[in-house]
Every structure is written in structure tokens, then in C-alpha cells.
Amino acid sequence: MASSLTSSFQSCNLRSVFFGEITGIQVASVPVSRVGFLRKSIECKESRIGKNPIEVPSNVTIILEGQDLKVKGPLGELSRTYPREVKVEKVESGQLRVSKAVDTRRANQMHGLFRTLTDNMVVGVSKGFDKKLQLIGVGYRAMLEGKDLVLNLGFSHPVRMAIPDGIQVKVEENTRITVSGYDKCAIGQFAASIRKWRPPEPYKGKGVKYADEIVRRKEGKAGKKK
């Protein structure tokens, strides 16, 4: 019995990159059955947002060169370069259509995103976007000085912010700020940088908040019971 078990093992010499040559390892000669792997194909569904066409107004000019798109309207001009996973084409009706160039998961993720970005470009140069903020707090106020926005937010010194090109800022009643322009991304970024100086706190709601923002309020600490 012992001799049969011994004969079923064979000695072999192995060489390892880290440990050099290894000798004296016994390897069983018992055959091993094959292990199968089940391949499952991933189905990439078309984005519900991405498949919708983009309406182009008559006062907007579209220039499409390969993966580069340039949109020009009465308010300004925007351009964007698209990745190879998606493609943009202009159909006979004058609409823009964004579609997937390859059927992969990454292309499916980019399909709806770049359709939304393209639509924002067309709407921005034709109608524009705006973002409204509100200052809440005693002594909190805003004013315009040339091309700078000056904020008094309770610090020892006023906050001065340079207004980027292509963005217009309007201040009403010293507490309401309207940021407008044709580039939605730039508008949102500048509005967020204003809010970042003094985000609304949850107890009294003091700070800079968006006009449509709902601040969750917290209950303050209760006094000691006598």
C-alpha cells in the first residue's frame, strides 16, 4: 500500500524568481479534471436621455468637424471635443443626435452625459442660464465694484472675487445675487465658489445659500433643567 502511494508521486525541480531552484517537492500524478468558466455577455442598454434628439434653434450655428463640435449663438460661442466612445451627427431635420460609437459599458455611461452637455451648449448660447443665491445674516451684504464682487460675510475683512469673462453678476437689495451667462458649467462653478465662503449653518440658517436650496435645521442645545 505504501509502495503504491509512493509511486503515485514524482519528484520535480522548480525554479522561482525569488527563491532560486527548489528541489525535492513531490507532485501527485493523479489526473485533475478541467475547470470550466462560464462567460456571461453584458447587455448595454441604450440611454433613455442619450437617444433623444437635440433641437437646434434657427439663430444657432453648428460646426461639426470629426469629434469637435462648435456652437455659436447670439449670447456666445462654445466648443467641445468628444471621446471616441460617442459620436455626434447632424440629421437632415437640423437636429443634433448623440450616439454610441461602440457597444461597451463605458460608452453607455458617456452616452447620456454628453447628450446633456451638448444640449446645455445649444441652450446656453441661445437662451442662457442663471443661478440665484441669497445672503442670510445680520450685516451680510454684497455689492459690485467694477468687475469684482465684494462680500461682507462676518469676516474681519470683505471678500473680493473677480468675475470671470462670459459671466454677468447682478446684486439686488444687497442680499440677492444672480449669476448668469451662456456656459452652465462656469456659472455653477462661480456660484459654488461664492457659497463656499459661508455655507448655511443648520441652527439659524445664516450664510450664503441657493435661492431654491432647503437647509435642514437642527434644534439647539436645551438649557439645564433646574
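What is the relative accessible area of N174?

Reply: This is a predicted model, in which local features need pLDDT of at least 70 and side-chain atom pairs count only at pLDDT 80 or more, while totals for chains, interfaces and linings use all residues. Residues are numbered from 1 along each chain as its sequence is written, and side-chain values use heavy atoms, with hydrogens and water left out.

N174 has a relative accessible area of 42%, which means that N174 is partly exposed (buried is under 20%, exposed over 50%, partly exposed in between; 1.4 Å probe, protein chains only). N174 sits in the loop between strand 12 and strand 13 (strands are DSSP runs of E, at least two residues; helices are runs of H or I, at least four; both are numbered from the N terminus). Its phi is positive, near 65 degrees, although N174 is not a glycine. Most residues other than glycine have a negative phi. E173 lies in this loop too and also has a positive phi, near 55 degrees. At 62% relative accessibility, E173 counts as exposed.

Strand 12 (167-172) and strand 13 (176-181) are among the elements that each supply at least two residues to the largest nonpolar core, which has 21 residues (buried Ala, Val, Leu, Ile, Met, Phe, Trp, Tyr and Cys residues joined through side-chain atoms within 4.5 Å). L151, I177, V179 and I194 touch the most other members. Helix 3 gives the most to this core, with four residues. Among the residues that V179 touches are I167, V169, I187, F190 and I194 (contact means heavy atoms within 4.5 Å).

Methods: Lists of a residue's contacts leave out its neighbours within four places in sequence.
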